[in-house]
Amino acid sequence: WISLALSRASLVESVMETTEAEIRELFPNVDDAFGHWFAVFTDGEGCFCIALDKRRNRDGTMGRGWPNARFEIGLRVDDYEILLHTQWRLGIGSMSVRAAANRKRPGENTSARYSTHRIGDCVSIAKFFSYYRLRAKKAAQHAVWAEAVNEMAKGRDRNDQLVFDCHDKLKELRVFVLPEDLDAIALGNPPVIRHKVDLGTPPLC
């Protein structure tokens, strides 16, 4: 994942350059200790999403819809306080609690969620992680997400196809692939996705 993450992370640099002064203005409650901690935390728990809002066309068929960007972190409800602290530090986003298991989600525990939905807030999050860099595979996802978010922020001047392409790239990056396939994805030529790989019989201890 490292080579892919670095190739996507370089894309963020071309999309935006965030200075320390800009970070201090956008996030007055954030210091370097929190910034670097939150980057590591997001590498493990964060989610950069572009969801398609399905809409019906005039002829009655279902269209692809317009993408909605969001950044979110979901944890067990007993970790609610750390997400609430994160919301205070960042000064943007919202908190929610999802009830325990139901018919659609059997066996699921009650969870807490921090999320940003407004495009302006998503732009701020993209700037945050262009300054406090992600180090693991989420760097690749953030790079594609940030490109889409900055394009969506242009309003009527946006390039719709670019945003849809970013949506499709994010789907590719969330599927497990073998290491030898990473360079192909980075070059925009994704291989056949492997959902299950036979790693053979583990050796005896």
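Let's start with phenylalanine 71. At 0% relative accessibility, it counts as buried, because the cut-off is under 20%. Keep in mind that this is a predicted model.

Phenylalanine 48 is buried too, with a relative accessible area of 0%. Now the two rings. Phenylalanine 48 and phenylalanine 71 form a tilted aromatic pair, 5.1 Å centre to centre, with 35° between the planes. Where do they sit? Phenylalanine 48 is in strand β1 and phenylalanine 71 in strand β2, so the pair ties together parts that are 23 residues apart in sequence.

Next, the aromatics as a whole. A search of the whole structure finds 16 aromatic pairs. Take phenylalanine 34 and tryptophan 37: their ring centres are 5.6 Å apart and their planes are at 40°, so this pair is tilted. They are three residues apart in helix α3, which means about one helical turn separates them. Buried or exposed? Phenylalanine 34 counts as buried, at 5% relative accessibility. Tryptophan 37 counts as partly exposed, at 34%. One aromatic cluster includes Phe34, Trp37, Phe48 and Phe71.

On to the core. The largest nonpolar core has 40 residues. Those with the most contacts inside it include Phe38, Phe71 and Leu90. Which elements give two or more residues to this core? Among them are α3, β1, β2 and α4. Helix α6 gives the most, with eight residues. In general, nonpolar side chains in soluble globular proteins tend to be buried together.

Now helix α4. Its buried residues are Leu83, Thr86, Arg89 and Leu90. Seen down the helix axis, they fall within an arc of 115°, so they line one face of α4. The face turned away from that buried side carries the exposed residues Glu81 and Trp88. Just after α4, glycine 91 takes a positive phi of about 75°.

Leucine 90 first. Beyond its sequence neighbours up to four places away, leucine 90 touches residues including Phe34, Phe38, Tyr114 and Phe128.

Then threonine 86. It lies in α4, residues 80-90. At 1% relative accessibility, threonine 86 counts as buried. What does its side chain reach? The backbone oxygen of isoleucine 82, at 2.9 Å. Leaving out residues up to four places away in sequence, threonine 86 touches Phe34, Trp37 and Phe38. So we are back at the tilted pair of phenylalanine 34 and tryptophan 37. Finally, threonine 86 and asparagine 29 are 57 residues apart along the chain, and their C-alpha atoms are separated by 9.9 Å.

Notes:
Residues are numbered from 1 along each chain as its sequence is written. This is a predicted model: local features need pLDDT of at least 70, side-chain atom pairs count only at pLDDT 80 or more; totals for chains, interfaces and linings use all residues. Side-chain values use heavy atoms; hydrogens and water are left out. Helices (H or I, at least four residues) and strands (E, at least two) are DSSP runs, numbered from the N terminus. Buried means under 20% relative accessible area, exposed over 50%, partly exposed in between (1.4 Å probe, protein chains only). Contact means heavy atoms within 4.5 Å. A polar contact is a pair of N or O atoms within 3.5 Å; within protein, one must be able to donate a hydrogen and the other to accept it, and residues adjacent in sequence count only if both atoms are side-chain atoms. The arc is that of the directions from the helix axis to the C-beta atoms. A nonpolar core is a set of buried Ala, Val, Leu, Ile, Met, Phe, Trp, Tyr and Cys residues joined through side-chain atoms within 4.5 Å. Rings of Phe, Tyr and Trp (its six-membered ring) pair if their centres lie within 6.5 Å; planes under 30 degrees apart count as stacked, over 60 as edge-to-face and the rest as tilted.
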